[in-house]
Number of protein chains: 2
Amino acid sequence: MRQKRLGRQTVALERPPAVLAFANVGGKHEGEGPLREYFDELSQDSFFGEKTWEKAESAMQKRALRRALGRAGLEAEDLDRVYAGDLLNQCIGSSFGLREFGIPFYGLYGACSTMGESLALAAMAIDGGFSDRCAALTSSHFCTAERQYRTPMPYGCQRAPTAQWTATAAGCTILVRGDLAPSGCPGPWITHVTCGKIVDKGIRDPANMGAAMAPAAYDTLRAFFRETETKPSDYDGIFTGDLGALGHEIVREFFARDGVDLGDRFQDCGLLLYDRDRQDMHMGGSGCGCSASVFNGYLLERLRRGELRRIVFAPTGALLSPTSSFQGESVPGICHAVCLTTVFR
Amino acid sequence: MRQKRLGRQTVALERPPAVLAFANVGGKHEGEGPLREYFDELSQDSFFGEKTWEKAESAMQKRALRRALGRAGLEAEDLDRVYAGDLLNQCIGSSFGLREFGIPFYGLYGACSTMGESLALAAMAIDGGFSDRCAALTSSHFCTAERQYRTPMPYGCQRAPTAQWTATAAGCTILVRGDLAPSGCPGPWITHVTCGKIVDKGIRDPANMGAAMAPAAYDTLRAFFRETETKPSDYDGIFTGDLGALGHEIVREFFARDGVDLGDRFQDCGLLLYDRDRQDMHMGGSGCGCSASVFNGYLLERLRRGELRRIVFAPTGALLSPTSSFQGESVPGICHAVCLTTVFR
């Protein structure tokens, strides 16, 4: 067997799975941001026609999956796995969103890194010969996340200056075994997967997720470059998930201390999704749906158009709960990376 | 490539990974039950020396992992992945339990099916060539689960007759690539994995998890037998996770309607863990830690002793949250199965 393991954390896929189709769904604020044209569906109604915000979040997952299936020309029965998760307690966004589809399901929890984790596990399932067609799916909703992690919306609490804005959005990618992709499939293909470690540098402020997650992003990206023996300039873009302005700057500085200039190619989905000058998003976007919707729209579109040819997508997650913060705990972070390309060396 | 996919849900592993070592940890009640001698560690202190029950649950995961590593003669650095999850909001049992180990981590949420899901994903990671040595790990704690899903312990609420008792326990399995197992490794080996679908038959009573999960267990087990072209009598035991007395009886009846007598070989970890005549556990044990501790003790010991030669381990999960129940939702179930053997045909 060819060596797939490049190191402890990184795997090179032998038969890179192709992105067959993708879709994203967003809310009002996502539609007012600079990526408006990259959304498949935008809703002015934060309830998405449902009675509660939790049901709205499940509705977003359903819609993202349905749209991705439609664009792939597939039915739910054609998928053999779905890898999904979300931020809600007991991941009900996914379980209630996916309930009616009858697709074999592995539930994940990677906080806001879930889009990276789901893509990684789906890609390995295909490369390993266990699946032909998989979906990777996640979501977040501003109102469910605020109720969950902070205070119910009607309290009208003031946000801290370091706070980020949980995106109301969902994104879904459908991956297919390379040799089953239709001829002319524009990809991209997932070539590498790096599994993150839990990194906790002792940040205790749950309103400063960017600082809490930055060390994990640095750790995973460093492992990715080391184990693939590449450098940042080998990629057209390196996109973290939702570090926001502060966390993003911390990662840039960590690399600078190592003598590595990440340059303009280092970007963050949380900074791309909103216009921070016009929209009141403080440090930028966050939530599973932030990186999921930016990836399953802006990033994949640009890869397909040839504007990007090889990228690293590295969503980060903060593995806290309100209970852990009440009990005086710090905020552990994690970051899962995948490498996608439309060109093979 | 040899066909690994036997059907939409079931995979036959080409190079079955071996169980290298395992360990479990339990609380007071688990030590008073019939499986007492199959525990590596039993604590009279529900806090496991920590200040809160949530921290106690993390401590159980740490201890189970440390003991399993010790029995395998490995250090944390020797593992290339850990697949883990638990029942707590945002899975903090796992993230805080695993934080100090520095092992690349994929977080899962399968409710009480998590031991099955983690074994399945770890086994496929090894068979697919992505990992050499993985840990699969999960836990539950009676006091954290009661606070989480029902009412805080000090309320002293009366339990419904259909209620089950969340086990205070954790279990950890270390899997290794078959050709890296030491000579004379007694196994067992994981040969098959069946991924469950979400099944929801409309049960709305969160105090009747057994009935809610039974249809999922039936669905996954039926898929397993159909896709492997085997029948229940081909196995020495079929062990569901925590259906309890009611759910277990429902699954038996579903199979009976199909003309299949599951017989005595059909058992449930929730019925094995406690003595329902002497211990006040109502329908039996539940929680991720229930099937995890029965598997990583009683079941694996009996396989190693030759008392069992081929089993199906099929933990079930109820994918609800208190919020979903408050919002009038039913309780979706899921079941993930793995097949283990010490003999190869």
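Two strands are taken to pair if DSSP finds at least two bridges between them. In the predicted model described here, strand β10 (residues 237-240) of chain A meets this criterion with strand β13 (residues 310-314) of chain A, to which it is joined by four bridges in a parallel arrangement. Within this pairing, A:Gly237 has A:Ile311 of β13(A) as its bridge partner. β10(A) also pairs with strand β11 (residues 266-268) of chain A, again in the parallel sense, over three bridges.

β2(A) runs antiparallel to strand β8 (residues 169-176) of chain A, and eight bridges connect the two. In this pairing, A:Phe22 lies opposite A:Thr173 of β8(A). With strand β3 (residues 41-42) of chain A, by contrast, β2(A) pairs in the parallel sense through two bridges. A:Gly26 is found opposite A:Leu42 of β3(A).

The model also contains an interface between chain A and chain B, to which each chain contributes 66 residues. The size of an interface is often given as the accessible area lost when the parts come together. For chain A and chain B, this buried area is about 5600 Å², with 58% of it on carbon and sulfur atoms. On the chain A side, the residues losing the most area to chain B are A:Arg8, A:Gln90 and A:Phe130, which together account for 16% of what that side buries.

Polar interactions across the interface comprise 45 residue pairs in polar contact, counted with both residues at pLDDT 80 or more. Ten salt bridges are also found between chain A and chain B. One of these links A:Arg99 to B:Asp200, with the closest N and O atoms 2.7 Å apart. The elements that supply two or more residues to the chain A side of the contact are α2 (53-72), β4 (81-86), α3 (92-98), β5 (105-107), α4 (114-127), α5 (142-149) and α10 (322-326) of chain A. Of these, α4(A) gives the most, with five residues. Classified by residue type, the side of chain A that touches chain B consists of 31 nonpolar, 18 polar and 17 charged residues.

Conventions
Residues are numbered from 1 along each chain as its sequence is written. Chains are lettered from A and ligands numbered from 1 in the order in which they are written. This is a predicted model: local features need pLDDT of at least 70, side-chain atom pairs count only at pLDDT 80 or more; totals for chains, interfaces and linings use all residues. Side-chain values use heavy atoms; hydrogens and water are left out. Contact means heavy atoms within 4.5 Å. Buried area is the accessible area (1.4 Å probe) that two parts lose on being put together, summed over both. A salt bridge is a side-chain nitrogen of Lys or Arg within 4 Å of a carboxyl oxygen of Asp or Glu. A polar contact is a pair of N or O atoms within 3.5 Å; within protein, one must be able to donate a hydrogen and the other to accept it, and residues adjacent in sequence count only if both atoms are side-chain atoms. Ala, Val, Leu, Ile, Met, Phe, Trp, Tyr, Cys and Pro count as nonpolar, Asp, Glu, Lys and Arg as charged, and the others, Gly among them, as polar.
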